[in-house]
Amino acid sequence: MTIKRLNPKVDEFLNNTKNWKEEFERLRNIVLDCNLNEEFKWMHPCYTFEKKNVVLIHGFKDYCALLFHKGALLKDPAGLLVQQTENVQAARQIRFTNLQEIVELESILKNYIHNAIEVEKAGLEVKYKKNTELDIPEELQSKFDELPGLKSAFEALTPGRQKAYIHHFSTPKQSKTRISRIENCLERIFNGKGLKDCTCGLSKRMPNCDGSHKQVQ
């Protein structure tokens with residue numbers, strides 16, 4: 001019998017979400033049926049096995065998705081796994097545009113989740129290709145190691161956005177300042193935003209920020 005341990009932070013997230021509410025709730029139940037621990041990371045429901053990130057539930061304008069942190073290692077018999085961009089090496093998504101798609105795929109989704117759990121049990125790791133064009137600061141690499149989802153989110157950014165962040169993080173002489181800059185940008189990176197991208201939706205020069213957020217108090 002499956003014992004569902006609900007995380008109150010995920011409850012709060014679902015209560016406050018405006019888009020994909022029914023889809024998120026259904027995906028949550030499916031994942032919990034697979035006996036994963038429910039946590040709340042990077043502002044989204046995240047499910048772990050022995051403290052290892054397995055799958056995350058998130059949504060975008062046109063779709064919601066299950067994101068498998070080591071999706072590149074999964075079997076994909078149904079051809080459902082999506083690589084967000086060519087820069088993403090490890091993570092893979094299964095996307096949905098409505099609740100009925102999730103309902104119809106429930107048993108298949110559980111198979112993918114169980115496969116992801118077996119990957120963790122086996123201790124398998126994605127072999128990353130080194131990006132020779134970018135000199136990753138030591139502090140950022142440490143954050144990649146600390147937050148596995150961060151590397152996937154960073155690699156999903158366009159090369160130009162990646163370079164802008166690298167320059168921003170590398171400029172300070174003191175390590176504590178570099179760490180502070182990285183931590184201040186984590187939310188932007190997880191949301192797929194560049195250093196100078198608009199995050200309030202008010203800019204008239206989208207996707208760039210034009211300072212309109214300063215008028216919102």
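User: Before we dig in, what counts as a disulfide here?

Analyst: Two cysteine sulfur atoms within 2.5 Å of each other make a disulfide. By that test, this structure holds zero disulfides. Keep in mind that we're looking at a predicted model.

User: Okay, cysteines then. Why is cysteine 64 called buried?

Analyst: The cut-off for buried is under 20% relative accessible area. Cysteine 64 comes in at 0%, so it counts as buried.

User: How much of the chain is buried?

Analyst: Of its 217 residues, 41% count as buried. As for the surface, the accessible area of the chain is about 12900 Å², and 48% of that belongs to carbon and sulfur atoms.

User: How are the helices and strands arranged?

Analyst: The chain has seven helices and five strands. Going from the N terminus, the order is α-α-β-β-β-β-β-α-α-α-α-α.

User: How do you know whether tryptophan 42 is buried or exposed?

Analyst: Its relative accessible area is 15%. The limit for buried is under 20%, so tryptophan 42 is buried.

User: Where is lysine 51, and why is it called buried or exposed?

Analyst: Lysine 51 is in the loop between β2 and β3 (52–59). Exposed means over 50%, and lysine 51 has a relative accessible area of 75%, so we call it exposed. Lysine 51 also has a positive phi, near 70 degrees, without being a glycine.

User: What lines the largest pocket?

Analyst: There are 31 lining residues, and those nearest the centre are His58, Gly59, Phe60, Phe190 and Asn191. The elements giving two or more residues to this lining are β3, α5 (148–155) and α7 (175–190). The space in this pocket is about 950 Å³.

User: How does the lining divide into nonpolar, polar and charged?

Analyst: The lining of the largest pocket has 14 nonpolar residues, 14 polar ones and three charged ones. Gly counts as polar and Phe as nonpolar.

User: Last one: what share of the chain's contacts join residues at least 24 apart?

Analyst: Among contacts between residues at least 6 apart in sequence, 56% join residues at least 24 apart.

Conventions. Residues are numbered from 1 along each chain as its sequence is written. This is a predicted model: local features need pLDDT of at least 70, side-chain atom pairs count only at pLDDT 80 or more; totals for chains, interfaces and linings use all residues. Side-chain values use heavy atoms; hydrogens and water are left out. Helices (H or I, at least four residues) and strands (E, at least two) are DSSP runs, numbered from the N terminus. Buried means under 20% relative accessible area, exposed over 50%, partly exposed in between (1.4 Å probe, protein chains only). Contact means heavy atoms within 4.5 Å. Accessible areas come from the Shrake-Rupley method with a 1.4 Å probe; for residues, only the protein chains shown count as cover. On a 1 Å grid over the protein atoms alone, a cavity is a set of points where a 1.4 Å probe fits but cannot get out, and a pocket is an open set with protein on both sides within 12 Å along at least five of seven lines; lining residues have an atom within 4 Å of a point. Grid points are joined across faces, edges and corners, and a volume is the space filled by probe spheres set on the points.
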